[in-house]
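Open the model in your viewer and keep the selection panel at hand. This tour goes from the whole chain to single side chains.

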Amino acid sequence: MKKTLMTAAAAVAGALLAVQAPAPAQASSSSTADPVLFVHGYTGDAGNWNVMADRFRTDGWPSSHLDQWSYDWRQSNATTARQLSAEVDRLLAATGAARVDIVSHSMGGLSSRYFLKNLGGTSKVDAWVSLGGPNHGTDSANSCFDTSCTEMRIGSGYLAALNSGDETPGSSRYATWWSPCDLVINPDSSVPLSGAANTRTVCLGHSDLLVDATVYAQTRDMINR
């Protein structure tokens, strides 16, 4: 009898643990999840986000809420920011959402930050993410000459204006991820922003930030608060 009772108790305990075990983080529902606008970097395109967008989709975000946006990466980041503003309005209208989340890679962080700071974006963006963004410049931009690239140079007028005053304005939530092995963003200290949640990753290359499972999970959890 004692053995039977112990077996039954173990079964009940196992059932309780199964009920209490945390489920994978998912969008609360297709009707309440913020749409995610992905902004690629220099020489990039919408396809850069295929792996991450698929992971969001697996975790419950509907395809209508995952916008892999593309733009002309040669133009000024200020021009891209104005186009981004129009895309945000389009996405909000299409989904009926009140705000979007922005996930950017590399130079994509500069146009999206301009949008938040100068074009009223803070009222439309809940969470903003920068993966390997040259937020304070990178010396790798010294060897390219497109307008957008010269704006990434350390000490550029574009960055001086963007970083003046509050680096994380408004009520939007800001987060950055940077890798000590990123050979594109130099110095590493360029990425973190004052007022943001700044995370150092394991040794990842610049493009690896787009596909790393841990970076994805941390990004997902940050924007899904």
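**Before selecting anything**

This is a predicted model, in which local features need pLDDT of at least 70 and side-chain atom pairs count only at pLDDT 80 or more, while totals for chains, interfaces and linings use all residues. Residues are numbered from 1 along each chain as its sequence is written, and side-chain values use heavy atoms, with hydrogens and water left out.

**Stop 1: the whole chain**

Show the protein chain as a cartoon: it has seven helices and six strands. Helices (H or I, at least four residues) and strands (E, at least two) are DSSP runs, numbered from the N terminus. In sequence order the pattern reads α-β-α-β-α-β-α-β-α-α-β-β-α.

Switch to a surface. The accessible surface of the chain is about 10100 Å², and 56% of that belongs to carbon and sulfur atoms. These areas come from the Shrake-Rupley method with a 1.4 Å probe; for residues, only the protein chains shown count as cover. Of the 225 residues, 48% are buried. Buried means under 20% relative accessible area, exposed over 50%, and partly exposed in between (1.4 Å probe, protein chains only).

Of the contacts (heavy atoms within 4.5 Å) with a separation of 6 or more, 71% are between residues 24 or more positions apart.

**Stop 2: helix 4**

Select residues 108-118, which form helix 4; nine of its 11 residues are buried. The buried ones are Gly108, Gly109, Leu110, Ser111, Ser112, Arg113, Tyr114, Phe115 and Leu116.

The strands are strand 1 (36-39), strand 3 (100-105), strand 4 (125-131) and strand 5 (173-178). The helices are helix 3 (77-95) and helix 6 (157-162). After helix 4 comes Gly120, which has a positive phi, near 75°.

**Stop 3: Ser172**

Select Ser172, in the loop between helix 6 and strand 5. Is Ser172 buried or exposed? Its relative accessibility is 6%, so Ser172 counts as buried.

Show its polar contacts. A polar contact is a pair of N or O atoms within 3.5 Å; within protein, one must be able to donate a hydrogen and the other to accept it, and residues adjacent in sequence count only if both atoms are side-chain atoms. The side chain of Ser172 reaches the backbone oxygen of Val125 at 2.6 Å. A polar atom of that side chain also lies 3.3 Å from the backbone oxygen of Thr122. Leaving aside residues up to four places away in sequence, Ser172 touches Leu116, Thr122, Val125 and Asp126.

**Stop 4: the two disulfides**

Select the cysteines. The structure holds two disulfides, each defined as a pair of cysteine sulfur atoms within 2.5 Å. With the bonded cysteines numbered in sequence order, the pairing is 1-2, 3-4.

Cys144 and Cys149 form a disulfide with their sulfur atoms 1.5 Å apart. Cys144 is buried at 15% relative accessibility, and Cys149 is buried at 0%.

Move to Cys181 and Cys203, a disulfide with sulfur atoms 1.9 Å apart. The torsion about its S-S bond is about -115°, so this disulfide is left-handed. The pair links distant parts of the chain, 22 residues apart: Cys181 is in the loop between strand 5 and strand 6 (197-200), and Cys203 is in the loop between strand 6 and helix 7 (213-223). Cys181 is partly exposed, with a relative accessible area of 26%, whereas Cys203 counts as exposed at 55%.

**Stop 5: aromatic rings**

Select Phe, Tyr and Trp. Their rings (for Trp, the six-membered ring) pair if the centres lie within 6.5 Å; planes under 30 degrees apart count as stacked, over 60 as edge-to-face and the rest as tilted. By this rule there are eight aromatic pairs.

Centre on Phe56 and Tyr216: the ring centres are 5.0 Å apart and the planes at 90°, so the pair is edge-to-face. Phe56 lies in helix 2 (residues 50-58) and Tyr216 in helix 7, 160 residues apart. Both Phe56 and Tyr216 are buried.

Next take Trp128 and Tyr174, with ring centres 5.6 Å apart and planes at 55°, so the pair is tilted. Trp128 sits in strand 4 and Tyr174 in strand 5, 46 residues apart. Both Trp128 and Tyr174 are buried.

Finally, select Phe38, Trp49, Phe56, Trp61 and Tyr216, which ring pairs link into a cluster.
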